[in-house]
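Subject: The structure I promised you

Hi,

Here is the structure we talked about. Have a look at it in your viewer first, then read on.

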Amino acid sequence: MSTPVDDPLSRERSHLAASRSALRAMREDVEALDISDVTANWVNAEVLAHQIEERVKALADLSDTPLFFGRLDCLQGERFYIGRRHVHDHDGDPMVIDWRAPVSQPFYRASKKDPMDIALRRRFGYTGGDLTAYEDEHLSDPAEAARTSKLLQQEIERPRVGPMRDIVATIQPEQDEIVRSGLSGTVCVQGGPGTGKTAVGLHRVAYLLYAHRERLARTGTLVIGPNRSFLHYIEQVLPALGELTVQQATVEDLVAHVEIQGTDDATAAVVKGDARMARVLRKALYSHVTMPTEPVVVVRGSRRWRVAAYELEEIVRELLDRDIRYGAAREALPQRIAHAVLVQMERSGEAPDDRVQDAVARNSAVKAAVKAVWPAIDPAKLVLRLLSDADFLAEHAAGILDEEEQKAVLWARPARSVKSAKWSAADAVLIDEATDLIQRTHSLGHVVLDEAQDLSPMQYRAVGRRCTTGSATVLGDLAQGTTPWATRGWEEALTHLGKPDAVIEELTAGFRVPTDVITYASRLLPHIAPGLTPVVSIRENPGHFEVRSVAGAADVVDACRESLRHEGSTGLIAADARIPELAAALAEAGLPYLAPGEETTQDARLTLVPASLAKGLEYDYVVLDEPRAVVDGEPDERTGLRRLYVALTRAVSGLTVTHAAPLPPQLA
């Protein structure tokens, strides 16, 4: 590795300074654009002004973020600097190449075995925003042996403070293959703790926006996370890569048709989340369609036009056979009846046009027939009736749900109205399903679904509706499924998502969790996910690991103080029921702490984390309080052990397990 006084380092610093100047000039050129003479009206002006504003934001130069992190020297003599965004000089010549460009790919995939026409790959080391070191690999030189990059290792093991950061400088070949996979296909990534699956999913979005910007600008992209704390943690990754338009949401946000005020017990939630509920809802909805028994008589002027009941029945059955949305069929029905009237008019010698057909469709007799045969249905009221009316549920769940399952989903106290009902999260998903049966849900171009292993089949269907004409990136770890309805296998989950042909990739190289910590946590795998490959840590630092017997909360606070002596963040993770006691102990000891989702700073580096919110988060040092209590806090042992597995694998540099009660025997 070179030292700061090397002349090559000075030249690289000069190129960095020149690149920053060029980026500043690019931004100033955009800010100086005069759009007063190029917009036809105020609407166009507003749209163009917004686009310019977004472009200026995308060209921001973040002082503590390296503009480029690598260099490629090709055998043909070309040289490319690889960075987070494209930068060109005043002549249009590139000074920094976007990491997503095809020419950047060898930076991530070239090796001694396959140098991809690269003579030299140079990695840069930074302190803050200052370029302080570089490291070279002569990939086409047979005399130089392959070796592990020290700068790469340092970047992977750098302390975590603040929100999640991008991994654009450290993407590994197996990750890059997933990141650069095409837009048309759905990819499912099974990845254990610390394998970078979330980062891979976010970088895949950034890549797709680069490669298919116009298409995705029209159709939209969405990142779905398990909770608000998680979304807050990851929200800076895409903006750091210059992508500002990606929306973020939880599944609860997507299905927010009603206010959530109630909860379900585990049995009810499992049944409500079962894909069979979609069949129950469909049967219940279409039970409102009745076959006509009376003709429709349309009066126009002195003429009366009669559509017989059997003709109306043929129209209704044809619409049912077409299998279109309930609402779309209802809208088509008056036009079909009107068309039957127009046929009669033409046979009698009249020449009606489309205006006449529309007028007939609006005729009071036609409207009355449609209302009687194919009534308008409110999706929330439909679900309300199913959950409140035992006879209605029994009629439409017959042969689908058994009696015990029907009893599980029925409300003990039926609500009088949609507004007064104590809706649960699972109920909202049912309403979303019913809404889609009536009117098609808008589809996006690409959806990223993170922590997918915790979704129910009905939640998968809700997400799948948002990408019926697009694609998805599904991220998760079967061993971390901590809901009673957790995913049993990716093939089944992808079928519920509507993407049965998705490619399933597995990441097993661990970049975050130290060797000793992941080895200890992996003792649980035979009990929670027997078929999964254990994660193998590639970190050179084995990390600090200790299991400590304690007398009480004061000893746990002492363990936190010890962790805070190290650089970086510390997370105190505990069973949800123990959070108040530990919060009081921290307050009594005068040790300030944050809640999950609050950003760590140099002055506040300790976060008190309920085990139920730990998933997806990471801390340099973790103190895990009472593993037995974490297990006992869940409705069954397998779910409890999975929750414990999640908690054990949040550490980047060190883990201290504190316990007064005996440890779970699976950790012995």
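Below is what turned up, going from the whole chain to single residues.

**The big picture**

Keep in mind that this is a predicted model. The protein chain has 668 residues, and 55% of them count as buried. DSSP runs give it 28 helices and 21 strands. If you draw a box along the principal axes, the C-alpha atoms fill roughly 100 × 70 × 45 Å. Now take the contacts between residues at least 6 apart in sequence: 74% of these join residues at least 24 apart.

**A mixed sheet with a helix across it**

Start with the open sheet whose 6 strands come in the order 3-4-2-1-5-6, with mixed pairing. Its edges are strand 3 (87-88) and strand 6 (130-137), each of which pairs on one side only. Strand 6 is joined to strand 5 by 7 bridges, and the two pair in the antiparallel sense. To find your way there, look for arginine 122: its bridge partner in strand 6 is aspartate 136.

Helix 1 (residues 7-31) lies across this region, over strand 1, strand 2 (79-83), strand 3, strand 4 (94-98), strand 5 and strand 6. Against strand 6, helix 1 runs at about 120°.

**Aromatic rings**

A pair of aromatic rings is described by the distance of the centres and the angle of the planes. The count for this model is 10 aromatic pairs. One of them joins phenylalanine 68 and phenylalanine 124: the ring centres are 5.3 Å apart and the planes stand at 70°, which is over the 60 degrees needed, so the pair is edge-to-face. Phenylalanine 68 is in strand 1 (residues 68-74) and phenylalanine 124 is in strand 5 (residues 118-127), so the pair links distant parts of the chain, 56 residues apart.

The charged end of arginine 123 sits over the ring of phenylalanine 107, 5.2 Å from the ring centre. Arginine 385 lies over the face of phenylalanine 392, and here the distance to the ring centre is 3.8 Å.

Another open sheet has 6 strands in the order 9-8-12-13-7-14, and its pairing is parallel. Strand 9 (247-250) and strand 14 (503-507) are the edge strands, each pairing on one side only. From one strand to the next, the twist averages 15°.

Inside this sheet, strand 8 (residues 221-225) and strand 12 (residues 446-449) run parallel and are joined by 4 bridges. Isoleucine 224 stands opposite leucine 449 of strand 12. Helix 22 (residues 490-497) lies across strand 7 (187-191), strand 13 (471-476) and strand 14, and runs at about 145° to strand 13.

**Helix 12 and its partners**

How do helix 12 (residues 276-286) and helix 18 (residues 390-397) pack? Their axes are 8 Å apart and the angle is about 110°. Angles from 65 to 115 degrees count as roughly perpendicular, so that is the word for helix 12 and helix 18. On the helix 12 side the contact uses Val280, Lys283 and Ala284, which meet Phe392, Leu393, Glu395, His396 and Ala397 of helix 18.

Helix 12 also packs with helix 17 (residues 379-388), again at about 110°, with the axes 11 Å apart. That makes helix 12 roughly perpendicular to helix 17. Here Val280, Leu281, Ala284 and Leu285 of helix 12 touch Leu382, Val383 and Leu386 of helix 17.

Threonine 658 is buried, with a relative accessible area of 0%. Leaving out residues up to four places away in sequence, threonine 658 touches Arg548, Val550, Val556, Ala559, Val623, Leu624, Asp625, Glu626 and Pro627.

Key
Residues numbered from 1 in each chain as written. Predicted model: local features only at pLDDT ≥ 70, side-chain atom pairs only at ≥ 80, totals over all residues. Heavy atoms only, no water. Phe/Tyr/Trp six-rings, centres within 6.5 Å; stacked < 30°, edge-to-face > 60°. Lys NZ or Arg CZ within 6 Å of the ring centre and 35° of its normal. Pairing = 2+ DSSP bridges. Axes fitted to C-alpha atoms, helices over the stretch in contact; angles between N-to-C directions. Contact = heavy atoms within 4.5 Å. Parallel < 35°, antiparallel > 145°, perpendicular 65-115°, else oblique. Buried < 20%, exposed > 50% of the residue type's maximum accessible area, 1.4 Å probe, protein only.
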